[in-house]
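Here are a few friendly notes to read alongside the model. Please keep the structure open as you go through the points.

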Amino acid sequence: MSERQLWERYKKYLCGVESVGLTLDVSRMNFADDFFERMRGPMEKAFDAMEALEKGAIANPDEKRMVGHYWLRAPERAPEPGITKEVQDTVAAVRSFADDVHAGRVKPPKADRFTRVLLVGIGGSALGPQLVADALGTAADRMQVFFFDNTDPDGMDRVLAQLGDKLAETLTVVISKSGGTKETRNGMVEAERAYQQKGLDFGRHAVAVTGADSELDRYTKKGNWLKTFPMWDWVGGRTSVLSAVGLLPARLQGLDIDGMLAGARDMDVATRERDALRNPAALMALMWFHAGNGRGAKDMVILPYKDRLMLLSRYLQQLVMESLGKEKDLDGKVVNQGIAVYGNKGSTDQHAYVQQLREGVNNFFATFLEVLKDRDGASMQVEPDITSGDYLLGFFLGTRKALFEKGRESMTLTVPDVSARTLGALIALYERAVGFYATLVNINAYHQPGVEAGKKAAGVVLELQRKVLAKLREDKAKGHTAEEMATTVGAPDEVETVFKVLEHLAANTTHGVKREPGANRFDTRFRAG
Ligand SMILES: O=P(O)(O)OC[C@H]1O[C@H](O)[C@H](O)[C@@H](O)[C@@H]1O
């Protein structure tokens, strides 16, 4: 295709949302001329399913739940007045709590103001807040936000070291929809201990966002925490960023939550349009379908040409992969669906993996994200008549062209800036595209049955560790090899797990387990010291 033909194709298919200034260009996707006609029927079904979902249908049949993230930014559209009120009350509560914190009406016992936020959460209870904090944060923020998003002890130590003495001015926000996620529980317990060690009352520094009567909810009551904000079963973790999960930390940071909600609301209006060519979410879902043949055959590479959007791919990884990566379809047939998502930021990625994109295995389609505004204010010229931002555009267009020349498909999303409005719009765009695509491939996008298996297996490992430790203490004088220990604790087939547990115990001082090297690695004896 010549550059001229591409330009004509660009003009023909460009899909814009005036209210947020966003456009989606699919001209560099090689769909056939009759593609949209062929997809008309399936797309109608997707529009119907989405309409039913928004009206409160049980769109998550396995868990028998409604799916209501669209009501978070248009509460008047919720199917029950109780939901409308809860959403409105929660946004009001977020606002007034953050205002109280900023004004010092809610204050830490041993300092004048809260100046830092420590957010403890994982998955949908961290990725959205991390994206928002990084995309919209500035040096002028009201509060600085830190994260515990794992059960990695060193990761937590590193954050606590950064907080240092400012822990006395730190408000900890523990977020867990289920209220029972172990990584988050561990982060909370570690945070609590850090406060205690500094003679600070954790409850006076802590708030939670969680489901009513969850384990975390009960814990907050026992510990007399400052406040709890609700999470509802009709909001999934990966679509919760515009509930208190994302709004509370954002507002505490001093960000424009009204702008985020308005951007999402505007995008929702635009993506209810039933003409797929004028609906960027439908168009995008159709492009995903085209690229991967409805089987996820191609990976989605997200290339934002803007540092502030670097976490978008991590955020989308959960949104897309946890929603679409499913073993069975809605009829119970094994389909092993999904689309793999990766990417960081351009043009940095050009110096890392773009080599493979251009010349290696052609198993992806790229989504370029172009941001028109370079920075606040004018730029200096790094060469006559050329700025750093001009280079960024040059590298984006250059890479896109280079990929196209080699038959690599791409789409381009263009936004005027990275603002609360555009970020809200982008989030809403992807949420709806995921929903449409799920119907196109006939899967439930709103459950995550596969996640449980790993959690259960981890529980088994920790149970085994308890038995191993008890045995080591009982046989103090005698060391055990992994083989002996596995048999002794009645789990001979779990010998590899026992070996890994013993090695880990011996590598850390906590449990006082020592190793005595044997003739080879697997003859190593472990004993309680
Ligand atoms: O918010 P929580 O209940 O703690 O859940 C945190 C995350 O963990 C789970 O394993 C799910 O797979 C995610 O969808 C969820 O966002």
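**Notes on rings, a cavity and annotated sites**

1. R28 lies over the face of F404, at 5.7 Å from the ring centre. A charge is taken to sit over a ring if NZ of Lys or CZ of Arg is within 6 Å of the ring centre and within 35 degrees of the ring normal. R9 is placed likewise over the face of F31, here at 4.3 Å from the ring centre. F31 also belongs to one aromatic cluster with Y13, F35 and F36.

2. A word on the basis: this is a predicted model, in which local features need pLDDT of at least 70 and side-chain atom pairs count only at pLDDT 80 or more, while totals for chains, interfaces and linings use all residues. Residues are numbered from 1 along each chain as its sequence is written, and side-chain values use heavy atoms, with hydrogens and water left out.

3. How many aromatic pairs does a search of the whole structure find? The total is 22. Rings of Phe, Tyr and Trp (its six-membered ring) pair if their centres lie within 6.5 Å; planes under 30 degrees apart count as stacked, over 60 as edge-to-face and the rest as tilted. W232 and W234 make a stacked pair, with 4.8 Å centre to centre and 0° between the planes. W232 is buried at a relative accessible area of 8%, and W234 is buried at 6%. Here buried means under 20% relative accessible area, exposed over 50%, and partly exposed in between (1.4 Å probe, protein chains only).

4. W288 and Y430 are stacked too, at 6.2 Å centre to centre and 25° between the planes. W288 lies in helix α11 (residues 280-292) and Y430 in helix α15 (residues 420-440), so this pair ties together parts that are 142 residues apart in sequence. Both W288 and Y430 are buried. Helices (H or I, at least four residues) and strands (E, at least two) are DSSP runs, numbered from the N terminus.

5. The model has 1 cavity of 30 Å³ or more, and the largest cavity holds about 40 Å³ of space. On a 1 Å grid over the protein atoms alone, a cavity is a set of points where a 1.4 Å probe fits but cannot get out, and lining residues have an atom within 4 Å of a point. Grid points are joined across faces, edges and corners, and a volume is the space filled by probe spheres set on the points. The lining consists of L72, V87, T90, V91, W232, L242, S243, A244 and L247. α4 (81-103) and α9 (244-253) each supply at least two of the lining residues, with the largest share, 3 residues, coming from α4.

6. Is α9 enclosed or open? In α9, 10 of the 10 residues are buried, so this helix is largely enclosed by the rest of the structure. G254 follows α9 and has a positive phi, near 95°.

7. The UniProt annotation "active site", from an unreviewed entry, covers E322, H351 and K455. These residues span 134 residues in sequence, and the farthest two C-alpha atoms are 36.9 Å apart, so they do not all gather at one spot. UniProt positions are in the numbering used here, feature names are shortened, and annotations may be inferred rather than shown by experiment. E322 lies in helix α12 (residues 312-324) and is partly exposed, at 23% relative accessibility.

Definitions and conventions
1 Å grid on protein atoms, 1.4 Å probe; cavity = no way out; pocket = protein on both sides within 12 Å on 5 of 7 lines; lining within 4 Å.
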